[in-house]
Amino acid sequence: MNDNYHVFSDGRIERQDDTVRVVAEDGEKKYLPVENAEAIFLHGQIEYNTRFVSFLNQEGVAVHVFGWHDHYAGSIMPKRGQTSGQTIVDQVRAYDDPKHRLKLAKAFVDGSIHNMRSNVTYYHGRGYDFEHVLEELEDARASLDGMETIDETMGVEARGRKAYYSTFDEILPDGFVFGGRQYNPPNNEVNSLISFGNSLVYANIVSAIRATALDPTVSFLHEPGERRYSLALDIADLFKPLLADRIIFRLVNRGQLTVDDFEDDMNACLLNEDGRKTYSKAYEETLDETIDHPDLGKKVSYQYLLRVEAYKLKKHLLTGEEYVPFRRWW
């Protein structure tokens, strides 16, 4: 049960017997085999009813809704695959223990910077001079030990990400000018791609957490808040370089995405439908890629890595086994 389905057309989505049917505004019909589905991503203006929601709850399939600006708007989550009062109690205790929370927050930032550095190292060995960026990222990681608060730890992450983003304008071809992170709304093509990719990673992490008994609203690096799954923000930071960013570099540098795949709307630069389809297809193909996992002793998909990360955190909270964040090893 690991297939994701992306719906871009406007219209309605409904239960049809024992499957799901998408009916576009022009009457075209498409069926989604939910027996193998992990989640359905709704990108268009699409209607659904309680019968559809109840069916997906029965099948254990999540729905992730994207609104204007390609922004993640929310999820309709099925009942949990697992429930554990003890897990939630231990999770809240870790959050409420300043030393424990800080240690976990530092682990997330350490892993995030490592994975950003992995991307920079790849391009540094292919004709780019990013030695100064690699040093800045390593200095940021080294400074984590001296951080005494969550805010200071967040500052290290921001410092590392700023250095990392400074490479984008060199890696990407002419016509794709980054100039720094800007969102709500994204102001250019690169920011639009980053926002869309990050939203997909976040939504997939939400689904991965659901498979555990962890509470997605109780986090350690990001402050828990209203109407967001802040634990997904913590874990997503580890995987954005591997998933969202590498796909951007690949699609743009190969000419599979061009400036023609974007549109300006109300002072925002957004992927058009063709662009979202191209990116989403590459994203799902990447999730299906497999690697040899040194600890599990078998090949696992990138999508499975997301679930492994949630289980690693759960195991740490329940048993005290050290939590080692995902760090790209290949």
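This is a short walk through one protein, from its overall build down to two single residues.

A word of caution before we start. What you see is a predicted model.

Let's take the overall build. The protein has 11 helices and 12 strands. Its radius of gyration is 20 Å, close to the 20 Å that the globule rule gives for 330 residues, so the protein is as compact as a globular protein of that length. Along the principal axes, the C-alpha atoms fill a box of roughly 60 × 55 × 40 Å.

Now contacts along the chain. Take the contacts between residues at least 6 apart in sequence. Of these, 63% join residues at least 24 apart.

Buried residues make up 54% of the 330 residues. The protein exposes about 15400 Å², and carbon and sulfur atoms supply 46% of that area. On charge, there are 38 positive and 54 negative charges. Their mean positions are 6 Å apart.

On to the core. Which residues touch the most other members of the largest nonpolar core? They are Phe168, Leu193, Ile205, Phe239, Leu243, Tyr279 and Leu313, out of 80 residues in that core. Helix H7, residues 189-210, gives the largest share, with 12 residues. A second core, of 16 residues, is separate. Leu32, Val34, Ile40 and Phe52 are included in that second core.

Let's zoom in on Tyr279. Set aside residues up to four places away in sequence. Among the residues that Tyr279 then touches are Leu193, Phe196, Gly197 and Leu200. Tyr279 also touches Leu243, Ala244, Ile247 and Ile248, and then Leu251 and Leu257.

Asp169 lies in helix H6, residues 168-171. Is Asp169 buried, partly exposed or exposed? Its relative accessibility is 37%, so Asp169 counts as partly exposed. Beyond its neighbours within four places in sequence, Asp169 is in contact with Phe176, Val177, Phe178 and Gly179. Val190 is 21 residues away along the chain from Asp169, and their C-alpha atoms are separated by 9.2 Å.

Last stop, Asn267. Where is Asn267 found? In the loop between strand S9, 262-265, and strand S10, 268-271. Asn267 has 79% relative accessibility, and therefore counts as exposed. Not counting residues up to four places away in sequence, Asn267 touches Pro185 and Pro186. Asn188 is 79 residues from Asn267 in sequence. In space, C-alpha to C-alpha, Asn267 and Asn188 are 9.7 Å apart.

That's the tour. Thank you.

Technical notes. Residues numbered from 1 in each chain as written. Predicted model: local features only at pLDDT ≥ 70, side-chain atom pairs only at ≥ 80, totals over all residues. Heavy atoms only, no water. Core = buried A, V, L, I, M, F, W, Y, C linked by side-chain atoms within 4.5 Å. Buried < 20%, exposed > 50% of the residue type's maximum accessible area, 1.4 Å probe, protein only. Helix = DSSP H or I, 4+ residues; strand = E, 2+ residues; numbered from the N terminus. Contact = heavy atoms within 4.5 Å. Rg over C-alpha atoms; globule rule 2.2 N^0.38 Å. Areas by Shrake-Rupley, 256 points an atom, 1.4 Å probe, with all protein chains shown as cover. Lys, Arg positive; Asp, Glu negative; His and termini not counted. Charge placed at Lys NZ, Arg CZ, Asp CG, Glu CD.
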